[in-house]
Structures are given as C-alpha cells and as structure tokens.
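Reader: I would like to learn how to read strands, helices and chain contacts from a model. Can we take them in turn?

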Amino acid sequence: MVTIKGLRGGLQINFGDGLWLSQLRELETKLQSNARFFRGGQVALNLHRLSLSPDDLRKVQALLDRHGVSLRVVLAEDIHTAANAIALGLPTSLSESNGVISTQDKSLSEIASEDQRRKRVADYPTDAASDFGGRTDGVIAQMDASDGLLVRRRLRSGQVLQHSGHLVVLGDVNPGAQLIAGGDIIVWGKLSGSAHAGALGDTTATICALEFAPSLVRIADAARACRPSERTKKNTKPEMALIKDREIVIVAWQAK
Amino acid sequence: MKSAVITVTSGKGGVGKTTCAANIGSALALLGKRVVLIDGDIGLRNLDIVMGLENRIVYDAVDFVEGRCRLRQALIRDKRAPELYLMPTAQTRDKSAINAQQMKHLCDELRSDFDYILIDSPAGIEHGFHTCLAPADRCLVVTNPEVSSVRDADRVIGLIEAAEKGPAHLIINRIVPARVRRQEMLSTEDIAEVLSTEIIGIVPEDENILVSTNRGHPVVMNGKSPAAQAFHEIARRITGEIVPFQPLRSSGSILQRLFGRA
C-alpha cells in the first residue's frame with residue numbers, strides 16, 4: 001500500500017511490502033486524483049524493503065515527471081535498489097539532498113514575497129539529519145514528528161495558503177480565502193473562508209478554529225457547506241471539524 | 001514638502017472611486033496644496049466629467065506617454081482652487097495604452113510640481129489596476145457598506161499588501177446611519193472587523209452628490225453638505241492632521257455619540 005505524508009521540505013511517498021506494479025498503479029491514481037496539489041512539488045521516495053531494477057526506478061521517476069513532481073531522494077533498505085538509485089544519479093539519503101529540498105514554492109503564492117518566504121524557511125533548521133548528528137534513526141524521528149507551517153497574518157479574500165503538512169494560522173481567515181493542507185488545519189482566529197484538511201486523503205485530519213464560521217470545509221474527499229445560520233451565529237467557543245461515519249461533523253473543541 | 005502619489009481604488013465598480021478622487025483632490029487643493037488628479041481609467045474616462053472639465057480636453061495622458069505633447073499640455077487647470085490640475089485620459093484607447101513603467105515615469109515627472117498626485121484607478125484587479133498601483137506611495141480603498149464591495153475591498157487590500165504598497169487606508173462611502181441602526185446595512189464596526197485596516201473616512205449617503213456629479217461641480221467646492229464635510233475631513237487626515245471622527249447625524253446610541261464613534 002502506498003502512503004503519502006508531508007515533510008518539512010516536501011512530500012514523502014512510502015511504498016509498502018505489496019506487489020510493486022500494483023503499488024505503482026495505486027500511486028498513479030493518487031497523483032491523478034490530486035493533480036493540482038502535487039504539481040510543482042518535490043518528493044522523497046521511501047521504498048523500504050522493495051527490490052527494484054533500474055528500469056523500475058526509471059518508471060516511477062517518469063510517472064512522477066508526468067505529474068510535474070520532482071523526485072529528490074530515494075530511500076531504500078534493499079542494497080540493490082539503493083545501488084541502482086545511485087547509478088541513476090539519485091541521492092539516497094536526506095542529508096545528501098540537503099539544501100535541495102525546500103518548502104514547496106506554490107504554498108505561499110501571493111501571500112509572502114519571495115524574500116520573506118526564504119527568511120521564514122531559513123528560520124527552521126533545514127537539515128533534518130543535523131539535529132541528530134546525522135544518524136539515520138534521528139532522521140526517522142524527525143519525520144514521524146509532524147511537520148507544519150505557521151503563518152502569522154490575516155488571510156484575505158482570494159489568497160490561497162497551501163502546505164503539504166499541517167497549517168497553523170495565527171490570525172483571521174477572511175471570506176474568500178482558502179486553506180489547503182495535507183494534514184490538520186488550526187486557525188487561531190476566525191475562520192470564515194474555506195478550508196481543506198487531509199488533502200492527500202488523510203481522513204483523520206481535523207480543522208479547528210477559535211471562531212468556526214467557514215463557507216466550506218473539506219476533509220480528504222468529504223465536503224460540507226456551512227449554512228448561513230451556522231456562519232452568522234455569535235459563537236465564541238472553539239470548534240473542530242472531523243470525519244465521523246464518513247461525514248464531516250462539527251463539534252465543540254475539547255482538550256483530550 | 002515631499003510629493004505623495006495616492007491611488008484611489010476599490011475592486012468593485014460603482015462604489016464611488018471617481019467621486020472620492022474628485023472631492024478629496026479638490027479638498028486638498030482648497031487647503032492650499034498643489035494637487036493633480038490623474039484619470040487612470042483609460043477608455044472609460046469619467047473624472048473630467050465629474051470635475052466639469054470635459055470640454056477643455058485637448059491632450060491627455062496617453063498623448064504625453066506617446067510623445068505627442070509636453071507634460072504641461074496634458075494638464076487642465078481648474079480655476080476653482082489655487083493649484084488644482086486634471087490630467088485626463090484617452091477615451092478612444094484601452095488599458096494597454098499605458099503600462100506600469102510609463103505610469104511611474106509620468107508620476108515622477110509630476111512630483112517636482114505637486115504635493116499630491118491622486119490617481120483614479122479603474123475597477124477590477126487586472127492590468128489597469130496594477131498600472132495605477134505601480135507608482136503609488138499610499139492607497140485609498142473605497143467600499144460601500146454592503147457585503148460584496150467589502151469582499152472586493154478585502155481582495156484589493158491583499159493585493160496592495162502583496163505589492164508592498166500597504167497599509168491601505170479605507171473609505172466607507174454611502175453609509176446611511178438609520179439603515180445601519182435597523183441592521184439593514186453593515187456598520188463601520190462590521191467592516192472594520194473583516195478588513196482590519198485603518199479607516200480614514202466615513203462618507204454618508206448624500207443626495208447632493210448626484211446633482212454635483214451631473215453638474216461637474218464637486219460638493220466640496222461650495223458645500224456644507226454631510227458628504228462635503230466628510231471629504232474635507234479626509235483631506236485634512238491625508239495631510240497628517242488628526243481629525244476626530246464626527247458622529248454621523250442621528251446615528252448610534254447616546255454612548256456612541258459621546259465617544260465620537262459612529
């Protein structure tokens with residue numbers, strides 16, 4: 001089974017132990033169903049124990065190319081697969097590709113100027129491995145800790161904020177603004193625009209806001225329009241949207 | 001003093017950009033400032049009509065940009081104020097006739113002779129809007145107290161911030177205090193909550209505007225009408241003076257009136 005998750009620098013595509021060709025088809029379906037999200041993105045491919053020929057690797061690279069996704073690194077536990085990847089000129093560890101993977105450009109389109117964006121990215125340690133002295137197990141720990149983007153500003157009508165990981169907005173999201181995240185969405189303010197959490201298919205993703213009054217919420221493939229009466233209520237309690245029995249429900253937020 | 005290029009814009013059409021530009025420009029000129037009003041709405045020019053200077057146009061901004069006349073020839077002097085000029089635009093061309101670079105150059109040429117250069121931007125967020133935004137030192141965003149123009153103002157304020165021309169200053173135009181009280185119209189507080197940008201003026205609905213527009217005589221020129229007073233106050237705020245907001249006539253609770261907030 002193929003799973004996709006957001007990383008600091010881009011996306012990681014994980015292949016499981018199943019049949020290679022069926023997993024390749026599965027990836028193609030995923031890429032097609034979220035074409036807009038993937039286009040222009042950068043990915044790390046984790047093949048785990050799969051043993052692949054150079055031809056197999058070329059095939060997956062071509063598939064990603066066709067969807068406008070650039071393959072930045074191949075992680076493989078199988079020594080032959082790793083050797084084949086190196087032969088094709090693909091980096092095989094995250095630290096090797098340091099500085100190549102950067103926050104997906106389109107995520108902040110129109111919102112921050114290029115310079116501000118660089119500054120924001122530079123605020124974070126970009127080399128995951130360096131935090132852990134370059135040890136591989138350290139890198140994995142970093143990956144498992146969810147990645148997020150914090151934006152301190154008001155989002156205005158027509159502005160789109162997109163990130164492969166979680167999104168946190170410190171400020172209001174005005175009507176007509178749009179948030180898209182691979183993970184969860186948290187708005188520390190009033191959410192009046194539209195929000196799409198779990199855009200890569202994660203049905204456990206949630207959307208929370210201090211004041212919850214969106215025009216539309218989407219989680220994975222589910223969508224829910226909010227009625228005007230729900231939107232104009234004078235509610236100051238934080239609320240959260242999540243999927244329950246395949247439908248989006250909105251509940252009062254409670255600390256677990 | 002250093003000259004300032006101020007672009008008046010809104011996103012949505014028909015909210016009163018041209019009326020605001022004409023009246024604020026005239027009010028600044030009546031304060032003794034040297035003012036030029038540039039019509040940025042190429043192909044749909046209106047500012048000359050609102051100013052009552054339509055029949056004095058010989059050359060326009062496009063003629064100057066394309067080298068058919070000198071700068072001074074494209075300026076029409078308005079004798080109702082000491083130093084007030086209009087630079088009209090071409091009616092027979094479209095927005096592509098002047099690009100952002102040319103508009104910047106045009107404004108730079110005017111800077112040495114004027115304190116305030118006001119540009120009346122076209123509606124929309126396309127090419128013409130960006131051309132008028134390019135030379136701006138400051139922006140005035142005009143909105144009406146209704147949801148769709150506030151939504152468009154929000155979009156435009158975002159674009160102004162993205163172009164690093166912010167913070168935009170907001171003018172709420174055509175407010176009717178009685179209708180706000182009956183909750184038929186958005187209040188200034190409602191608008192301020194969504195747009196969260198500094199309000200530089202609140203202009204009440206005023207039947208004198210229609211008459212003055214048709215006659216080509218901006219209300220600030222002779223009026224003590226409610227809108228004229230609001231425009232005079234905006235002009236003074238633009239010069240840096242701190243002018244408290246007048247309570248809108250017959251509006252709000254007694255408490256609101258006491259605290260001077262409409």
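Author: Let us begin with a strand pair. This is a predicted model. In chain A, strand β9 (residues 185-191) and strand β11 (residues 207-212) run parallel and are joined by 5 bridges.

Reader: Which residue of β11(A) is the bridge partner of A:L191?

Author: That partner is A:F212.

Reader: What is the order of the strands in the open sheet?

Author: In chain A the order is β5-β7-β9-β11-β14-β15, 6 strands with mixed pairing. β5 (148-151) and β15 (247-252) of chain A are at the edges. Each has a single partner strand, so one side of each has no neighbour in the sheet. From one strand to the next, the twist averages 25°.

Reader: Now the helices. At what angle do the axes of α1 and α3 of chain A cross?

Author: Helix α1 (residues 20-33) and helix α3 (residues 54-66) of chain A have axes that cross at roughly 10° and come within 11 Å. Angles under 35 degrees count as roughly parallel, so α1(A) is roughly parallel to α3(A).

Reader: Which residues make that contact?

Author: From α1(A) come A:W20, A:L24, A:L27 and A:E28. From α3(A) come A:D56, A:K59, A:V60 and A:L63. By class, the contact of α1(A) with α3(A) has 5 nonpolar, no polar and 3 charged residues.

Reader: And between chains, how many residues does each side give to the contact?

Author: In general, interface size is often given as the accessible area lost when the parts come together. Here we count residues. Chain A gives 9 residues and chain B gives 8 residues. The chain A side that touches chain B has 1 nonpolar, 5 polar and 3 charged residues.

Methods
Residues numbered from 1 in each chain as written. Chains lettered and ligands numbered in written order. Predicted model: local features only at pLDDT ≥ 70, side-chain atom pairs only at ≥ 80, totals over all residues. Axes fitted to C-alpha atoms, helices over the stretch in contact; angles between N-to-C directions. Helix = DSSP H or I, 4+ residues; strand = E, 2+ residues; numbered from the N terminus. Parallel < 35°, antiparallel > 145°, perpendicular 65-115°, else oblique. Contact = placed C-beta atoms within 7 Å. Nonpolar A, V, L, I, M, F, W, Y, C, P; charged D, E, K, R; others polar. Pairing = 2+ DSSP bridges.
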